[in-house]
Number of protein chains: 2
Amino acid sequence: MIKRSEDRKLNFGAGPASIPEEVLQEASEAILDYNASGLSVLEIPHRGKLFDNILDESKQLVRELCALSSDYEILWLHGGGRLQFSMIPMNFLGAGGAAYIDSGHWAQEAIAYAGYYGEPKVIASSAGERYASLPEWPASIDPSLSYLHFTTNNTIYGTQWPDIPLSPVPLIADMSSDMLSTQRSYSNSAMFYAVAQKNLGAAGTTLVVLHKDMLARTARRVPPMLNYEAQVRTNSVLNTPPVFAIYTALLMLRWTKRKGIDIIQKDNEKKASILYAEIDRNSLFAAVVDRPDHRSKMNVCFRAKNPENEQLFSDFCTQNNITGIDGHRTVGGFRVSLYNAITIQQVERLITLMQAFEDDHKKD
Amino acid sequence: MIKRSEDRKLNFGAGPASIPEEVLQEASEAILDYNASGLSVLEIPHRGKLFDNILDESKQLVRELCALSSDYEILWLHGGGRLQFSMIPMNFLGAGGAAYIDSGHWAQEAIAYAGYYGEPKVIASSAGERYASLPEWPASIDPSLSYLHFTTNNTIYGTQWPDIPLSPVPLIADMSSDMLSTQRSYSNSAMFYAVAQKNLGAAGTTLVVLHKDMLARTARRVPPMLNYEAQVRTNSVLNTPPVFAIYTALLMLRWTKRKGIDIIQKDNEKKASILYAEIDRNSLFAAVVDRPDHRSKMNVCFRAKNPENEQLFSDFCTQNNITGIDGHRTVGGFRVSLYNAITIQQVERLITLMQAFEDDHKKD
């Protein structure tokens with residue numbers, strides 16, 4: 001049995017994010033003995049039946065939950081988003097150049113990394129609006145580009161693309177912070193990827209899904225470890241993979257399937273809608289993102305209208321065993337992350353606190 | 001309490017390797033609740049006191065256990081050895097070229113990766129002896145080389161350098177499989193590194209130790225994630241680090257300190273010496289490495305003199321709840337890995353089985 005459940009903090013952090021208690025329980029047991037194998041999951045060989053089964057089932061679940069055709073390859077790689085920011089241009093930035101949509105901090109990081117391998121073209125940006133809205137998707141896209149990169153959900157500013165837009169060139173989507181949060185058609189994407197520590201488990205691995213057509217597009221000589229084609233050829237076991245992080249992702253995928261993506265989507269919509277409604281109603285707070293169709297359902301960003309209330313509300317949450325709601329160090333304010341593991345009841349608890357805070361601090 | 005200790009397999013695998021039961025117990029508990037924080041170790045923020053303490057203590061323990069001066073920087077990076085095989089030439093292979101000592105499979109992989117960034121010079125090799133001995137350390141080394149790379153312990157062939165040799169150019173040592181197994185002077189090395197899944201814990205992070213002088217030697221533009229200087233500047237928290245793998249490494253480092261490097265060294269010498277003695281004595285087996293001063297104390301490789309006995313002895317071990325003794329898929333035979341977590345009693349148990357096997361199968 002999980003211990004001290006009553007003392008568990010309510011973690012609205014943007015990542016490493018909250019993990020369901022049943023997943024923690026299963027991971028904890030596997031550390032002692034994996035599946036009655038007499039070995040810890042930290043000790044099982046990465047070339048052998050025990051790990052093959054973990055890998056196969058995790059890939060099968062990603063395929064099923066995303067309704068992916070067999071044209072897509074599924075990889076679990078080392079490193080986080082920034083290793084993908086490196087590998088994408090390293091592998092694919094060819095003579096046609098590459099385009100990026102600049103929707104904020106993470107998009108800008110991806111652009112900066114591409115600058116080491118060529119000259120990325122920023123073909124849309126909402127920098128002028130301080131990223132409080134999504135950039136307008138470009139009306140025309142140069143068909144000779146090697147690829148177009150964008151970020152589906154922007155954790156720091158709280159914006160999110162409702163759908164995956166169409167593109168005449170291979171579309172590469174960073175879905176790190178909204179992967180598996182909603183039902184989506186992935187068939188527009190040539191590649192998408194997501195770090196694990198949001199909806200997929202624990203930090204230490206990154207899910208990469210690639211259309212087979214991309215494998216022939218490697219634009220330069222890339223050593224195997226950093227080469228998507230070599231990683232596909234060796235089924236993510238080119239070297240010792242981060243076994244435990246992949247196993248935790250498998251546990252999260254099983255949890256996701258048990259709950260159902262349709263229910264998860266419905267819950268995520270409900271969580272976001274009641275929280276935005278409270279922010280809009282509450283006289284002490286203001287949402288960062290105005291346009292309802294640009295608001296993220298994963299990361300809800302808001303600020304105190306009176307700056308003096310920022311620290312007070314932050315302290316009030318801490319006193320109430322809530323953690324992780326401070327905004328990103330670059331922007332301040334508050335950010336409530338509503339990843340799949342967060343329940344409607346937990347959001348209601350926060351709303352009750354916001355109302356209690358208003359009662360205590362509003363000027364009559 | 002750890003469960004099913006009696007059923008724990010005796011794991012002589014080369015990595016992911018055996019982990020002490022007390023470390024597994026602590027890791028398992030931290031998954032449920034880290035240090036009474038109300039958060040799982042999988043959920044703690046990577047920018048904050050909880051993780052800072054893990055990082056600081058782990059670095060302090062590496063510094064202490066290796067008796068490193070403050071001239072060395074300590075990093076915990078994503079990925080495994082092959083990411084280091086990429087990053088080393090990416091960062092340091094300059095106009096002077098780089099030299100490699102070819103002592104077998106892993107050295108050859110490192111050489112192949114360097115080939116993506118220049119023309120590595122192989123200045124010593126024991127390929128002619130099928131790597132059953134160490135190459136002769138070169139009598140003269142070109143002082144204009146950017147660096148010289150070698151592998152301290154060769155898991156597949158069972159050879160090991162007793163000391164870190166001297167070099168007039170920056171010496172980079174892959175210590176993946178014998179890190180912290182013995183008391184060593186590290187001051188000859190400009191850099192050394194070790195993947196975690198041997199003596200350092202679980203797969204998913206790599207320890208890198210760099211002399212400060214190396215940071216000024218970056219030979220080309222390398223994006224921050226793959227750039228040692230940027231990783232040092234951000235104290236291994238350039239992005240979300242593999243928190244759990246680093247925490248498990250900390251638990252292993254604490255265990256190593258409690259036991260003491262001097263005792264670990266003595267035990268490792270004892271384990272290796274009784275096992276080699278049995279192989280040399282036993283009429284059915286033969287050691288792969290003849291020269292006593294080239295024999296690895298970490299990975300003891302041997303074969304059955306009669307090939308028919310290979311499968312029989314392998315099955316006999318499996319029946320006796322022993323796992324991981326099959327040789328690497330590229331060479332066959334047997335390989336018994338004697339990493340720090342393996343006890344003298346466990347080696348004695350294997351020796352008893354080897355003797356019982358001899359009694360049953362020797363021709364009178």
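The model is predicted, so local features are described only at pLDDT of at least 70 and side-chain atom pairs only at pLDDT 80 or more, while totals for chains, interfaces and linings use all residues. Residues are numbered from 1 along each chain as its sequence is written, and chains are lettered from A and ligands numbered from 1 in the order in which they are written.

Let us start where the chains meet.

Now follow α6(B) itself. This helix has 17 residues and reaches 24 Å from its first C-alpha to its last, close to the 24 Å expected at 1.5 Å a residue; the expected span is 1.5 Å times one less than the number of residues. Twelve of the 17 residues of α6(B) are buried, among them Phe244(B), Tyr247(B) and Met252(B). A residue is buried if 20 or more other C-beta atoms lie within 10 Å of its own, exposed if 12 or fewer, and partly exposed in between, with C-beta atoms placed from the backbone. The cover over the buried residues of α6(B) includes α6 (243-259) of chain A, along with α1, α2, β2 (72-77) and α7 (261-281) of chain B. Just after α6(B), Gly260(B) takes a positive phi of about 95 degrees.

One of these covering partners deserves a visit. Helix α2 (residues 49-65) of chain B packs against α6(B) at an angle of about 40 degrees, with the axes 9 Å apart. Axes are lines fitted to C-alpha atoms, for helices over the stretch in contact, and angles run from 0 to 180 degrees between N-to-C directions. The two helices are therefore oblique to each other, since angles under 35 degrees count as roughly parallel, over 145 as roughly antiparallel, 65 to 115 as roughly perpendicular and the rest as oblique. Residues of α2(B) that take part include Phe51(B) and Leu61(B), and those of α6(B) include Ile246(B) and Leu253(B). This contact has twelve nonpolar, two polar and three charged residues.

Phe357(A) lies in helix α9 (residues 344-361) of chain A and is buried, because 20 other C-beta atoms lie within 10 Å. Beyond its neighbours within four places in sequence, Phe357(A) is in contact with Leu284(A), Phe313(A) and Phe316(A). Ser273(A), in helix α7 (residues 261-281) of chain A, is partly exposed, with 14 other C-beta atoms within 10 Å. Ser185(B) sits in the loop between β8 (171-174) and β9 (191-195) of chain B and is exposed, with 10 such atoms within 10 Å.

Definitions and conventions:
Helices (H or I, at least four residues) and strands (E, at least two) are DSSP runs, numbered from the N terminus. Two residues are in contact if their C-beta atoms, placed from the backbone, lie within 7 Å. Ala, Val, Leu, Ile, Met, Phe, Trp, Tyr, Cys and Pro count as nonpolar, Asp, Glu, Lys and Arg as charged, and the others, Gly among them, as polar.
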